[in-house]
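Please look over the sequence and the 3D structure shown here.

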Amino acid sequence: MGEEPKGRGAGLSRERVLAAALAVADAEGLEAVSFRRVAAELGVTPMALYRYVDDKEALLDGLGDLVLSTLELPDSPAGDWREQLRAMALSFRAALVAHPAVVPIFLTRPLITPSGMRAANAVLGIFGRAGFPPEQAVPLYQHFTRVMLAHVMLEAQAGPELTPEARREQARLARIAFETLPPEEFPHLVEAAPGFAAPPEPGRAFETGLGLLIAGLEHQRPGPPRED
């Protein structure tokens with residue numbers, strides 16, 4: 001490779017291109033990400049980007065890979081598989097909640113990218129260590145990723161719409177509506193009405209769903225955990 005070009009494009013790299021694209025997505029939404037807009041962010045011409053990404057699809061793949069590169073993967077096969085799976089799920093949520101604009105990328109394409117494959121390999125390894133053979137681990141991996149993504153997608157899409165005050169008011173009205181129902185017709189809703197007084201907390205909801213999923217996996221394990 002020769003020297004980096006002088007002028008406004010000096011120091012340009014694939015990492016800088018993707019970081020600029022992510023900054024645009026964070027600030028303006030995924031629909032704003034284009035070669036022209038990213039080039040303007042970097043102070044170069046759109047043609048300068050083609051040295052680092054082939055087209056818009058490759059740019060979107062790169063964005064997804066960049067977000068997945070921040071996941072905390074198990075650093076050792078030793079340890080409790082439940083805690084490793086929980087840690088990966090929480091890391092996945094943190095990565096996507098930090099960049100909600102990129103969530104649609106994960107809904108529209110299989111990310112067969114370096115970071116995507118490392119994450120998939122790590123999850124499959126966890127399932128393997130839990131005792132699931134590959135023919136069971138693959139559909140479990142697919143279900144696990146869909147469930148986690150669905151949680152984050154709902155959180156990302158609903159998050160900006162209501163202020164905390166509006167959420168509290170919605171919860172207050174829900175409690176009033178439920179506790180004033182006829183108890184002979186809706187006994188369980190009336191009994192549970194106080195529980196609706198607090199607005200749903202996304203992190204707690206995510207962990208509740210994750211706990212249920214892990215408990216189900218524990219129940220279905222075909223054998224003892226495997227030691228790699």
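**From single residues to the whole chain**

Leu85 is found in helix α4, which covers residues 81–98. Helices here are DSSP runs of H or I with at least four residues, strands are runs of E with at least two, and both are numbered from the N terminus. The model is a predicted one, in which local features need pLDDT of at least 70 and side-chain atom pairs count only at pLDDT 80 or more, while totals for chains, interfaces and linings use all residues. Residues are numbered from 1 along each chain as its sequence is written, and side-chain values use heavy atoms, with hydrogens and water left out.

Is Leu85 buried or exposed? Its relative accessibility is 0%, so Leu85 counts as buried. Buried means under 20% relative accessible area, exposed means over 50%, and partly exposed is in between, with a 1.4 Å probe and protein chains only. Not counting residues up to four places away in sequence, Leu85 touches Val123, Ile126, Phe127, Phe144, Ile214 and Leu217. Contact here means heavy atoms within 4.5 Å.

His151 belongs to helix α7, residues 134–158. With 26% relative accessibility, His151 counts as partly exposed. Beyond the residues up to four places away in sequence, His151 touches Ala205, Phe206 and Gly209. Gly203 is 52 residues from His151 along the chain, and their C-alpha atoms are separated by 9.7 Å.

Asp65 lies in helix α3, which runs over residues 56–68. The relative accessible area of Asp65 is 15%, so this residue is buried. Leaving aside neighbours within four places in sequence, Asp65 is in contact with Thr113, Pro114, Ser115 and Gly116.

Ala39 is placed in helix α2. At 1% relative accessibility, Ala39 is another residue that counts as buried. Setting aside residues up to four places away in sequence, Ala39 touches Val44, Thr45, Pro46 and Leu49. Between the C-alpha atoms of Ala39 and Val17 there are 8.2 Å, and the two residues are 22 residues apart along the chain.

Two packed helices are described by the angle between their axes and the distance between the axes. How do the axes of helix α1 (residues 14–28) and helix α2 (residues 35–42) cross? They come within 9 Å and cross at roughly 105 degrees. That makes α1 roughly perpendicular to α2. Angles of 65 to 115 degrees count as roughly perpendicular, under 35 as roughly parallel, over 145 as roughly antiparallel, and the rest as oblique. On the α1 side the contact is made by Arg16, Val17, Ala20, Ala21, Ala23, Val24 and Glu28, and on the α2 side by Arg37, Val38, Glu41 and Leu42.

For the chain, the secondary structure comes to 10 helices and 0 strands. The radius of gyration is 22 Å, well over the 17 Å that the globule rule gives for 228 residues, so the chain is more spread out than a compact globule. This radius is taken over C-alpha atoms, and the rule is 2.2 Å times the number of residues to the power 0.38. Along its principal axes, the C-alpha trace spans about 80 × 50 × 25 Å. Of the 228 residues, 36% are buried. Among contacts in the chain with a separation of 6 or more, 70% are between residues 24 or more positions apart.

How values were computed. Axes are lines fitted to C-alpha atoms, for helices over the stretch in contact, and angles run from 0 to 180 degrees between N-to-C directions.
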